[in-house]
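Dear colleague,

I am passing on the structure below, followed by notes on side-chain contacts in it. Please read them alongside the coordinates.

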Amino acid sequence: MARVLIAADKFKGSLTAVEVAERVSAGLRKAAPGVEIQSLPVADGGDGTVAAAVAAGFARREVRVTGPLGHEVTAAFALRGDTAVVEMAEASGLQQLPAGVFAPLTASTYGSGELLRAALDAGASTIVFGVGGSATNDGGAGMLSALGARLLDADGQPVPPGGGGLAGLVTADLSGLDARLADVDLVLASDVDNPLTGPTGAPAVYGPQKGASPADVAALDGALAHYAKVLETVIGWKAAEYAAAPGAGAAGGIGYGALVMGARFRPGIEVMLDVLGFADAVDRATLVITGEGSLDEQTLHGKAPAGVAAAARAQGREVVAVCGRLALRPEALGRAGIRRAYPLTEIEPDLAKCVADAGPLLERVAENIGRDFLV
């Protein structure tokens, strides 16, 4: 009997990863009622990471933290045993901003630090810190402050929140950082490997997505470079090494702050597949279905479907993908380990309708997969 593993990411703006799995399951069963299905929603460290962990059996823990604009918000992390999955977007993501509101110079990661502290309070000795979907550009300065660092201006006062305020940073004191961090395995999980600053750094590449004008980008790049320079007076040459390291520029530079705290960087999807128990699940499968909202060039660079396909094909499993839209040629899919992709646009060419009716369309797509591979 065929055994299918559904390991897909969310369709952003349409369906959560859990909903994708539910719709694919329903469609498969229409074509092959007796098929054995296991759902393992996945994420690559960005928004949806906590939800994926909870779907895999982690407990959801909610806490009140400081949002990116300074107001209190509810954020969640996931916990199983002594392993926590913390998603910075829960506290400091674009999802916590009012619709159409951006604050590229002043949005803070303070709440992400509070969320990490909550995971420490819960007894976590391993913390997977998923970063992505951020509203911030502060290099993790807010996060460090929430965990006990002191970042001060010329008057000895804390610098204002956000990346813009770091231009006035004069002294940094990391001696008050939460002592528990020294004994925790902190894993920086991200799907991007940008450095902190420069042409491929956080402000230049991701700042415009968060409302930054060209002038804002220049100001943020200078402020973050200055921030790293000041930290060099505290931690020495490692400050510059961390700033240039892969992942430092993730989520507005929060990756840099995490590296300063002793985190080790790993591609987000690799970490999450380990945490979610993908290896055991794929052992039982004869077909793996992965996917996300858009299969495009970005997919090939660390996104969830590429990671799932690589891990599944390494075990000799057939992989197909579902998506809203497909922007990859068959040969590119093949190189990624995906035999075939099934976009919603094959059924409904109108993208707006695909977004609005993603659930029912995905069921129809999955029914086609069932006919092609299971009947």
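Lys229 is exposed, at a relative accessible area of 55%, where exposed means over 50%, buried under 20% and partly exposed in between (1.4 Å probe, protein chains only). Its side chain meets that of Glu232 in a salt bridge of 3.8 Å, N to O, the term standing for a side-chain nitrogen of Lys or Arg within 4 Å of a carboxyl oxygen of Asp or Glu. Glu232 is partly exposed at 29%, and both residues lie in helix α7, three residues apart, about one turn of the helix.

This is a predicted model, in which local features need pLDDT of at least 70 and side-chain atom pairs count only at pLDDT 80 or more, while totals for chains, interfaces and linings use all residues. Residues are numbered from 1 along each chain as its sequence is written, and side-chain values use heavy atoms, with hydrogens and water left out.

The whole structure holds 18 salt bridges, among them one between Asp372 and Arg340 at 3.1 Å, N to O. That pair links distant parts of the chain, 32 residues apart, with Asp372 in helix α15 (residues 358-373) and Arg340 in strand β13 (residues 340-343); helices (H or I, at least four residues) and strands (E, at least two) are DSSP runs, numbered from the N terminus. Asp372 is partly exposed at 42%, as is Arg340 at 36%.

With kind regards
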